[in-house]
Amino acid sequence: MPRNASPIGEPTRKPRTRTRTPVRTSITAVPPTLRRPGVVLGPRATRTIASILDATRELLLARGYAGTTIDEITKSAGVSRASFYTYFPSKRDVLLALGTNSGSAALVLIHALNDMPAGWTLGDIEDWVQQYFEFLDEQGSFVFAWTQAAHEDEEIRVAGMRGHLNLCRRMGRAFAALGGTTVDDPAEFGLMVFSMLERTWAYSQLYAGTIDQAALFHTLARVLAAAVPCPMDNLSAG
């Protein structure tokens with residue numbers, strides 16, 4: 001951790017008010033096949049598609065990919081099967097539509113690390129962790145549904161893995177840059193960050209009401225700040 005970072009014993013900070021802004025996940029899947037009956041989608045079509053995506057997102061979080069059916073999606077979305085098939089050929093394509101722009105959103109979060117000042121503090125990392133949790137509040141269901149679907153669909157697995165590892169490399173480089181250094185394999189470090197945050201988020205959802213989220217953000221920030229790579233001469237000097 002840099003010398004000008006806040007001390008590890010810093011009291012838990014009260015987090016900012018969390019807002020549910022539309023964000024996307026860290027996994028980039030293959031492009032979806034979205035059926036569009038016209039060149040430009042009208043308001044009704046846009047609302048129907050949004051309802052299908054929102055319903056699928058909620059069902060994926062509760063039941064996973066295998067446990068979510070088209071009948072359940074249409075019932076939850078309040079649309080007919082005919083309406084569903086007007087825009088999506090299959091459940092697989094809804095999953096892909098949910099993840100189409102996920103890589104771009106993940107890059108926004110990675111760029112936020114790159115934009116941190118040289119004199120970053122533990123509070124800066126804590127704010128970033130909170131932003132990542134807000135990101136997962138909207139699209140965390142896709143992260144875990146993609147993992148499940150990847151075991152069954154080779155195309156999803158190969159394309160998603162390639163995109164995810166690319167994001168891992170970028171994440172690893174961004175954290176290394178916070179320490180003013182580089183790492184031999186940034187993908188490994190980035191994978192650790194993604195896995196820790198996403199799994200912790202999943203458990204915080206499962207244990208909602210029993211975990212102090214402000215304290216959780218603080219703890220995650222401490223772990224990440226302590227894990228920031230630093231030059232070898234700094235290690236030997238310590």
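This is a predicted model: local features need pLDDT of at least 70, side-chain atom pairs count only at pLDDT 80 or more; totals for chains, interfaces and linings use all residues.
Which residues does Ala-77 touch, not counting residues up to four places away in sequence? Select Ala-77 and look: the partners are Ser-51, Ile-52 and Ala-55.

**Stop 1: Ala-77**

Ala-77 sits in helix H2. Its relative accessible area is 16%, under the 20% cut-off, so Ala-77 counts as buried. Colour by pLDDT while you are here: among the elements of the chain, H2 (residues 70–77) has the highest mean, 96.

**Stop 2: the whole chain**

Zoom out and show the cartoon. The chain has ten helices and zero strands. Read along the sequence, the pattern is α-α-α-α-α-α-α-α-α-α. Of the 238 residues, 44% are buried.

**Stop 3: confidence**

Stay with the pLDDT colouring. The chain averages 80, and 79% of the residues score at least 70. Where does pLDDT stay under 50? Select residues 1–31; the model has 98 contacts for them beyond four places in sequence. Then select residues 232–238. Here too the pLDDT is below 50, but this stretch has one contact beyond near neighbours in sequence. Helix H10 (residues 232–237) has a mean pLDDT of 36, the lowest among the elements of the chain.

**Stop 4: H1 against H4**

Select helix H1 (residues 43–63) and helix H4 (residues 91–99). Their axes come within 10 Å and cross at roughly 95°. That angle makes H1 roughly perpendicular to H4. Show side chains at the contact. From H1, pick Ile-52, Leu-53, Thr-56, Arg-57 and Leu-60. From H4, pick Val-94, Leu-95, Ala-97 and Leu-98. By class, this contact has seven nonpolar residues, one polar and one charged. Ile-52 is also one of the residues that Ala-77 touches.

**Stop 5: inside H4**

Is H4 mostly covered or mostly open? Mostly covered: seven of its nine residues are buried. Select them: Lys-91, Asp-93, Val-94, Leu-95, Leu-96, Leu-98 and Gly-99. Next, bring back what surrounds them. The buried residues of H4 pack against H1, H2, helix H3 (81–87), helix H5 (102–114), helix H6 (122–150) and H7.

**Stop 6: H7 against H8**

Move to helix H7 (residues 154–178) and helix H8 (residues 186–206). The axes come within 6 Å and cross at roughly 95°. H7 is therefore roughly perpendicular to H8. On the H7 side, select His-164, Leu-165, Leu-167, Cys-168, Arg-169, Met-171, Gly-172, Arg-173 and Phe-175. On the H8 side, select Pro-186, Ala-187, Phe-189, Gly-190, Leu-191, Val-193 and Phe-194. Colour by class: eleven are nonpolar, three polar and two charged.

**Stop 7: H8 against H9**

How do their axes cross? At roughly 170°, coming within 12 Å. H8 and H9 are therefore roughly antiparallel to each other. H8 contributes Phe-189, Met-192, Val-193, Met-196, Leu-197, Thr-200 and Ser-204. H9 contributes Gln-213, Leu-216, Leu-220, Val-223, Leu-224 and Ala-227. The classes here are ten nonpolar, three polar and no charged. Phe-189 and Val-193 of H8 also take part in the contact with H7.

**Stop 8: Ser-204**

Centre on Ser-204, in H8. At 10% relative accessibility, Ser-204 counts as buried. Beyond four places in sequence, Ser-204 touches Phe-133, Gln-213 and Leu-216.

**Stop 9: Ala-221**

Finish on Ala-221, in H9. Its relative accessible area is 0%, so Ala-221 is buried. Leaving aside neighbours within four places in sequence, Ala-221 is in contact with Leu-122, Ile-125, Glu-126 and Val-129.

Key: Residues are numbered from 1 along each chain as its sequence is written. Side-chain values use heavy atoms; hydrogens and water are left out. Axes are lines fitted to C-alpha atoms, for helices over the stretch in contact, and angles run from 0 to 180 degrees between N-to-C directions. Helices (H or I, at least four residues) and strands (E, at least two) are DSSP runs, numbered from the N terminus. Angles under 35 degrees count as roughly parallel, over 145 as roughly antiparallel, 65 to 115 as roughly perpendicular and the rest as oblique. Contact means heavy atoms within 4.5 Å. Ala, Val, Leu, Ile, Met, Phe, Trp, Tyr, Cys and Pro count as nonpolar, Asp, Glu, Lys and Arg as charged, and the others, Gly among them, as polar. pLDDT is the predictor's confidence in each residue, from 0 to 100. Buried means under 20% relative accessible area, exposed over 50%, partly exposed in between (1.4 Å probe, protein chains only).
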